[in-house]
Amino acid sequence: MSVIDKIKNAKGPLFTFELLPPLKGHSIERIYAAIDRLIEFQPAYINFTTHRNEITYKERADGLLEKRVTRLRPGTIALAAAVKYKYNITVVPHILCGGFTKEETENVLIEMNFLNIDDVLALRGDPQRGSRIFIPEKEGHRYTDELVRQIVNMNKGRYLEESLEEKSSTNFCIGVAGYPEKHSEAPNMNSDIQNLKRKVEAGASYIVTQMFFDNGKYFRFRDECKKHGIDIPLIPGIKPVSALNDIKMLPQTFHIDLPDDLVMAVQKCTSDKDAREVGIEWATMQSKELISNGVPGIHYYTLGRSDNIARIVSAAF
Ligand code: FAD
């Protein structure tokens, strides 16, 4: 069953979570261990992030720098398929505009179709590391609404090569990202929501939000989306603080604000373990309030660790 059908048929809020593919060279067993810890809570589906190629520089013996293009976390589709068939669960791989041509995207979607993976989260991806602006591939997409349109076209049996014979239609259910605190590049919230609407009009069925730590921001965003005529499910994304440094790293990386009470509670901690306890308590409080306010589900950003998520879900759901 697709994500949107699961949301529509659910009797209560869905529990879902996101995992990152292991770093190159690491084993898939780590992923299985993270899932094993959470499977008893009956996740409705599991998302798998995609990581574009990165440019790295290595100093050679002669002192010159050698440029390398490498993907640090390869294997999203294969990983999603392995998990789908091992656990008999719906999986949602992420696909990106950044780093991919339309042709490469089409090929990834064909692979997913062959593997019976019918759900996808469509994203633009961030600018290449070291660059301030997002530069699409020459034959790639600049914005996610274009990517959504490509997927919808395949659902209608329209491939890039129009002269293809015997074209079969795909059946992808498409999710997209939304930002309760605005996307960092958008000039203001209003234009960001207009752009979110473009993704919905292009064919997205649901929205997953960027992490936030103040539920008021999600509720205001939900109201704004409604005012703009966006009426598809808006799934809140929750990330528990899990280390002392998170109060610096999370705002820097994700362009979000942390509430005073949370910052002060983490500042009082003397170890990552204590900060992790604060994070569990905060995310549990957030989850309970979101659930009592009728959200369709809660999507947890695990960053590969699942023990804290297990405690939050067992307390909140
Ligand atoms: P878009 O919707 O394309 O928006 C990007 C910016 O352009 C926004 O400022 C928007 O207002 C503006 N915009 C959009 N459309 C238009 C238009 N038609 N004309 C003019 N302006 C426009 N990144 C990864 O690399 N891998 C992942 O797996 C991944 N997973 C994620 C999962 C979730 C739930 C979320 C919230 C984010 C994820 N990201 C991931 C990060 C994401 O790629 C970045 O936040 C990226 O900068 C924006 O992606 P987007 O799809 O929201 O972009």
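Let me start with a term: a residue is buried when its relative accessible area is under 20%, exposed when over 50%, and partly exposed in between, using a 1.4 Å probe and protein chains only. One more: helices (H or I, at least four residues) and strands (E, at least two) are DSSP runs, numbered from the N terminus.

Now, the model. It is predicted, so to speak of local features we need pLDDT of at least 70, and side-chain atom pairs count only at pLDDT 80 or more, while totals for chains, interfaces and linings use all residues. Residues are numbered from 1 along each chain as its sequence is written, and side-chain values use heavy atoms, with hydrogens and water left out.

Start at strand β1. Six of its six residues are buried, so by that definition the strand is mostly covered. Look at the two faces. L14, T16 and E18 point one way; F15, F17 and L19 point the other way. Both sets are buried.

Who are the neighbours of β1? Strands pair if DSSP finds at least two bridges between them. β10 runs parallel to β1, joined by five bridges. Within that pairing, F15 has I298 as its bridge partner. β2, residues 45–48, also pairs with β1 in the parallel sense, over three bridges. There, F17 stands opposite I46.

β1, α2 and β2 make a right-handed β-α-β unit. Right-handed means this: with the strands pointing away from the viewer, the path from the first strand over the helix to the second runs clockwise.

Next, the rings. Rings of Phe, Tyr and Trp (its six-membered ring) pair if their centres lie within 6.5 Å; planes under 30 degrees apart are stacked, over 60 edge-to-face, the rest tilted. The structure holds six such pairs. F15 and Y300 form a tilted one, 5.9 Å centre to centre, with 55° between the planes. Why care about the sequence here? F15 sits in β1 (residues 14–19) and Y300 in β10 (residues 297–301), so the pair ties together parts 285 residues apart in sequence. Both F15 and Y300 are buried. Ring pairs also link F15, F17, Y300 and F317 into a cluster.

Last stop, P127. It lies in the loop between β6 (119–123) and α5 (144–155). Contact means heavy atoms within 4.5 Å. Setting aside neighbours within four places in sequence, P127 touches R132, I133, F134 and E185. And Y300? From P127 it is 173 residues away in sequence and 24 Å in space, C-alpha to C-alpha.
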